[in-house]
Amino acid sequence: MKILALWIAAAVAFALVPLWLKSPYALHIFISLFIAVALGESWNVLGGFAGQYSVGHSAWYGLGAYASFILLQRGGIPPWLGVWPAVVGCVVIALVVGWITFRLRGPYFVLASIAVAEIIRLAALNWKDLTNGAEGIQPADLPPLKLGSHVLVADWNGKLPYYYLGLAMAIFCVGVNFAVKRSKLGYLLQAIREDQDAAHSLGIPPTFYKNTALAISAACTALAGSFAAFYIGFIEPQQVFGIDVSVDMVLVALIGGVGTVTGPLVGGVVLVLLNEGLRAAFEQGHLLVRGALMIIAILMMPDGVVGIITQRLRRKAAVQ
């Protein structure tokens, strides 16, 4: 209960931030943080709990973005409704992909996940009648968000609506991680992560549970992809299906602590602040500097920031 109370207190604190922080740039940083946390938590379900290090999660991110955009452009369906069929479509595709790729392990699975994202990227690039190819898509103006006859959001040009929607999305993804980790599914996924053959010998079907984790992970990633795309206001294949999108998801979890609920939150804060700081300090080559710092951090902190803190607290408790 104490942990849940801390999470609720943190959510309330974030909800109150716009009351005293009015700067559009500061709100943009927070929105970027919410997107990073949502993506890190989404990847964590599969990569952290099940131990399946996918580097192709940009496939679900991009599919969620494109499906929502196309539903708005072609069918006039607003994103808060169009995102759900987009999520369902991503889950169906993910289950088909998982049924094929989960026959592989280790580096072979990693390569297969990259290949899946690249295949979908090339399909989006060449299916110009649907996706507009390399020119990308810029959506039409968003309609007002209504609850019955009451207008909740009339103007989407400001940062505030995206702040609260991003916060809700991040809370949802954290809640999914919290629920999975403390459920029977979470324990089974961790058993598969530690020793798949031993888990199988005990009657646990690894492919079924890994596919379950992939479905949850893909659904959350598609949700985050749709939100991020509408916030940015433009998408094109390389932007949403590029391997750098997948790598950032993995980095958020690795920096914070893989397989923990708190890890992607900490990793999101580190990655977003590091990106902004390096972009300001190094207009050219900030990605190279960031990459070098990330490699050093991962080599020196294999368990992430949360892992280091947990180990020190345990040592302190043992001494006392």
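**Salt bridges, a helix face and a core**

Tutor: A search of the whole structure finds 3 salt bridges (a side-chain nitrogen of Lys or Arg within 4 Å of a carboxyl oxygen of Asp or Glu). This is a predicted model, where local features need pLDDT of at least 70, side-chain atom pairs count only at pLDDT 80 or more, and totals for chains, interfaces and linings use all residues. Residues are numbered from 1 along each chain as its sequence is written, and side-chain values use heavy atoms, leaving out hydrogens and water.

Student: Which residue pairs with R105?

Tutor: D197 does, with the closest N and O atoms 2.9 Å apart. R105 sits in the loop between α4 (79-101) and α5 (106-126), while D197 is in helix α9, 92 residues apart. Helices here are DSSP runs (H or I, at least four residues), numbered from the N terminus.

Student: How exposed is R105?

Tutor: R105 is partly exposed, at 43% relative accessibility. Buried means under 20% relative accessible area, exposed over 50%, and partly exposed in between (1.4 Å probe, protein chains only). D197 is also partly exposed, at 49%.

Student: And what does E118 pair with?

Tutor: E118 bridges to R121, with closest N and O atoms 2.7 Å apart. They are 3 residues apart in helix α5, so about one helical turn separates them. R121 is buried, at 14%.

Student: New topic. Which residues of α8 are buried?

Tutor: In α8 (residues 184-194) they are L185, G186, L188, L189 and I192. Seen down the axis, they fall within an arc of 165°, so they line one face of the helix. That arc is taken from the directions from the helix axis to the C-beta atoms. On the other side, K184, Y187 and E194 are exposed.

Student: What covers the buried residues of α8?

Tutor: The cover includes α2 (24-49), α7 (160-181), α9 (196-201) and α10 (206-232).

Student: How many residues are in the largest nonpolar core?

Tutor: It has 81 residues, and I35, W60, L189 and I235 have the most contacts inside it. The largest share, 15 residues, comes from α10. A nonpolar core is a set of buried Ala, Val, Leu, Ile, Met, Phe, Trp, Tyr and Cys residues joined through side-chain atoms within 4.5 Å.

Student: What does W60 touch?

Tutor: Leaving aside neighbours within four places in sequence, W60 is in contact (heavy atoms within 4.5 Å) with C90, I93, A94, V97, L214, A218, T221 and A222.

Key:
Helices (H or I, at least four residues) and strands (E, at least two) are DSSP runs, numbered from the N terminus.
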